[in-house]
Amino acid sequence: MKIVITGATGYLGRELVRQLEGSGYEIYALTSAPAKAEALFRGRDVRILSNEDLLNSHGVIDENCIIIHGAFCRKSVGVGLAQSLDFSRRLFQAAVENRAAGILNLSSQSVYGSEKAMLGAEDSELAPGYLYALAKCGAEELLRQAVHFSKGATAGCSLRLASLMGPTDTVPQNVLYKFVCSALAGENLSIVGGTQKFSFLDVRDAAQAITFLLQKAPDSWKPVYNLGPDGQTGITEMAALVRDEAEKVTGKKVDILVQPDEKHALNAGMDSSLLYQDLGWKPPHSFADIVKDTVQFVCKKG
């Protein structure tokens, strides 16, 4: 079986390559920056293709191929998102025309919005609140149409991911990273709002769940799965975990300063029980694990 990973040099893409390598798959790393991929995967059992090489090549996409589509503009910038949607359309079309076994489209929990009272399930109404989230809804629709026109030859699944955290060979510079850097420097942790709830998933767990999905027949996949943690994390809880973990390393005590602000209400998350049930699996890393590993990673990297 051939596994084609778009966005292979990205945060999740790198971890997918690491976990899939040596598993018996032919791995194709698809990228818009082949030179970067060559340097990153040097010495690895990975075949590197540019985006256009894949779409113009013959024989890579066939009935023994599954595509994991993770390449997508990360910013709410119209031009970049339009280009990402166009590439998704062309990729899905090529997959269907060449009768690929399956397409895993990596989507986002942002399609549900972040101001709802209830956590989104796969059949919940979508409420994208900004351009990136709306574009992810568009990519899901492109996949639905492509799978429909394949008349059963190609299976498709949109995997709605929570925000990814934790170290692999890097860490994303998000709110957790900023808290960790501040606490390690002995700086107080400042929070505006205090009631925000997040849904963070360890990147290693995200990749593991995808590898388990690959072991199932693509025609057994549901059209949509949520992939997130088994619970939410409040921003003050996050800050407290970072504070305590950083103190173990540095001996420095820092305070958590909260400035209440109703404008910063946030309830990000979704119900991932359908995927847990179908895989017989739950994410093995807790958020406390993510914090501990991130603190250690940042310390090691200096």
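Author: Start with a network: salt bridges link Glu140, Glu141, Arg144 and Arg160. A salt bridge is a side-chain nitrogen of Lys or Arg within 4 Å of a carboxyl oxygen of Asp or Glu. This is a predicted model, where local features need pLDDT of at least 70 and side-chain atom pairs count only at pLDDT 80 or more, while totals for chains, interfaces and linings use all residues. Residues are numbered from 1 along each chain as its sequence is written, and side-chain values use heavy atoms, with hydrogens and water left out.

Reader: How many salt bridges does a search of the whole structure find?

Author: The search finds 16.

Reader: Which parts of the chain does the pair Lys222 and Asp278 link?

Author: Their side chains meet in a salt bridge, N to O at 2.7 Å. The pair joins distant parts of the chain, 56 residues apart. Lys222 is in the loop between helix H7 (203–214) and strand E11 (224–227), and Asp278 is in helix H9 (residues 273–279). Helices (H or I, at least four residues) and strands (E, at least two) are DSSP runs, numbered from the N terminus.

Reader: How far apart are Lys248 and Glu245 in helix H8?

Author: Three residues, so about one helical turn separates them in H8 (residues 235–250).

Reader: Is Glu245 buried or exposed?

Author: Buried means under 20% relative accessible area, exposed over 50%, partly exposed in between (1.4 Å probe, protein chains only). Glu245 is buried, at 14%. Lys248 is exposed, at 64%.
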